[in-house]
Amino acid sequence: MPEKREEEARETARRIAIRWKVMQALGAVLIAMGLFVDWPPPQEASLPDTSSFLIILGGLLGAAGLLAAIQKD
C-alpha cells in the first residue's frame with residue numbers, strides 16, 4: 001500500500017511539473033507574439049491593442065505557471 005501512495009505522489013509531482021512548464025512556454029510565446037508581430041490596429045476605438053492584450057495575457061499565464069511551480073502539497 002505505501003508503494004502505491006509513493007507512486008501516486010511521484011505521478012502527481014510529474015504532472016504539476018509538466019503543467020508549469022507548459023504554462024511558462026505558452027506565456028513566453030504570447031509575450032513574444034505581442035512584442036514582435038505587427039498587428040493591424042483595431043477597427044473600433046473601444047477595443048484594446050492586440051499586442052498589449054497578448055503581453056498582459058502572457059504575463060498572467062507566466063505568473064500562474066510560477067505559482068504552480070512553487071506550490072506545495
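# A tour along helix 1

Begin by selecting Gly27, Leu30 and Gly34, which are the buried residues of helix 1, where buried means under 20% relative accessible area, exposed means over 50% and partly exposed lies in between, with a 1.4 Å probe and protein chains only. The model on your screen is predicted, so that local features need pLDDT of at least 70 and side-chain atom pairs count only at pLDDT 80 or more, while totals for chains, interfaces and linings use all residues. Residues are numbered from 1 along each chain as its sequence is written, and side-chain values use heavy atoms, with hydrogens and water left out.

Helices are DSSP runs of H or I with at least four residues, as strands are runs of E with at least two, and both are numbered from the N terminus.

Now select residues 2-36 for helix 1 and residues 50-70 for helix 2, whose axes come within 7 Å and cross at roughly 160 degrees. Axes are lines fitted to C-alpha atoms, for helices over the stretch in contact, and the angles run from 0 to 180 degrees between N-to-C directions. Helix 1 and helix 2 are therefore roughly antiparallel to each other, a term for angles over 145 degrees. The crossing of these two helices, helix 1 and helix 2, is left-handed, which is to say that the near helix is turned anticlockwise from the far one by less than a right angle. By class, the contact of helix 1 with helix 2 has 16 nonpolar, 8 polar and no charged residues; Ala, Val, Leu, Ile, Met, Phe, Trp, Tyr, Cys and Pro count as nonpolar, Asp, Glu, Lys and Arg as charged, and the others, Gly among them, as polar.

Next, show the two end C-alpha atoms of helix 1, which are 51 Å apart, in agreement with the 51 Å that its 35 residues should span at 1.5 Å a residue, the expected span being 1.5 Å times one less than the number of residues.

Lys4 has its place in helix 1 and is exposed, with a relative accessible area of 52%; a C-alpha to C-alpha distance from Lys4 to Gly62 gives 33 Å. Arg10, also in helix 1, is exposed at 54%, and its C-alpha atom is separated from that of Val37 by 40 Å. Arg15 lies in helix 1 and is partly exposed at 48%. Finish at Val22 in helix 1, partly exposed at 44% relative accessibility, with its C-alpha atom 9.8 Å from that of Leu61, 39 residues apart along the chain.

Definitions and conventions
Parallel < 35°, antiparallel > 145°, perpendicular 65-115°, else oblique.
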